[in-house]
Amino acid sequence: MRRFALADRGQSLIEVALALPILLLLVIGIADLGRFAHYAIGVSHAARDAAAYAAKEPGVSQPQILARVCTELGIDGECADVTLTRDAEGATVEVSYSFTLITGVITDRMGGGPIVLHSQASFPGYTQ
């Protein structure tokens with residue numbers, strides 16, 4: 001009977017070694033999905049806030065709009081590509097942000113790259 005018990009000694013270790021990478025990839029993938037949703041919503045809010053700011057303040061420049069977008073996203077420095085367009089009706093802001101996955105090491109090897117999140121918002125000008 002003792003002979004059979006010794007034969008199963010490393011079985012649990014091998015099972016964990018086989019299952020752990022798959023479980024870690026699953027957990028990190030779920031975290032990536034949450035981060036993706038957070039930044040997608042953040043880019044949308046940043047574009048809307050920057051468009052409202054540009055419509056309210058006619059003298060604001062593109063670098064100020066970029067700083068506003070980066071503040072809204074919670075990122076220091078230059079964080080996104082921002083295009084500001086003004087016309088007689090108000091202001092339009094387009095924001096493009098390159099989102100990099102935590103699991104990007106895997107997607108980079110498969111030919112993928114960063115995901116570009118894009119949002120556009122228009123806001124009518126204020127009359128004073």
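Modeller: We will go from the overall fold to single residues. Keep in mind that this is a predicted model.

Colleague: Start with the fold. How many helices and strands are there in the protein?

Modeller: Count the elements, then read their order. The protein has 4 helices and 3 strands. Along the sequence the pattern runs α-α-α-β-β-α-β.

Colleague: What share of the 128 residues is buried?

Modeller: Buried residues account for 26% of the 128. The accessible surface comes to about 9000 Å². Carbon and sulfur atoms hold 60% of that surface.

Colleague: And the contacts between residues at least 6 apart in sequence: what percentage join residues at least 24 apart?

Modeller: That figure is 57%.

Colleague: Now the interior. What is the general idea?

Modeller: In soluble globular proteins, nonpolar side chains tend to be buried together. Here, the largest nonpolar core has 25 residues. Among those with the most contacts inside it are Ile65, Val69, Val82 and Val95. Helices H2 and H3 and strands E1, E2 (90-99) and E3 (115-124) each supply at least two residues of this core.

Colleague: Which element gives the most to this core?

Modeller: H2 does, with 8 residues.

Colleague: Take Val95. Which residues does Val95 touch, beyond those up to four places away in sequence?

Modeller: Its list includes Val43, Ala47, Val69 and Val82. Leu117, His118 and Ser119 are on the list too.

Colleague: Where does Gly74 lie?

Modeller: Gly74 is in the loop between helix H3 (62-73) and strand E1 (81-87). The cut-off for exposed is over 50%. Gly74 has a relative accessible area of 64%, so Gly74 is exposed. The C-alpha atoms of Gly74 and Gly42 are 9.0 Å apart, with the two residues 32 apart along the chain.

Colleague: Last, the surface. Which residues form a nonpolar patch there?

Modeller: Val16, Leu20, Leu24, Ile28 and Ile102 do. Together they have about 420 Å² of accessible area. Leu24 belongs to helix H2. With a relative accessible area of 46%, Leu24 is partly exposed. Ile102, also in the patch, is one of the contacts of Asp32.

Technical notes. Residues numbered from 1 in each chain as written. Predicted model: local features only at pLDDT ≥ 70, side-chain atom pairs only at ≥ 80, totals over all residues. Heavy atoms only, no water. Buried < 20%, exposed > 50% of the residue type's maximum accessible area, 1.4 Å probe, protein only. Contact = heavy atoms within 4.5 Å. Areas by Shrake-Rupley, 256 points an atom, 1.4 Å probe, with all protein chains shown as cover. Core = buried A, V, L, I, M, F, W, Y, C linked by side-chain atoms within 4.5 Å. Patch = residues over 30% accessible without salt bridge, like charges linked within 9 Å, V, L, I, M, F, W, Y side chains within 5 Å. Salt bridge = Lys/Arg side-chain N within 4 Å of Asp/Glu carboxyl O.
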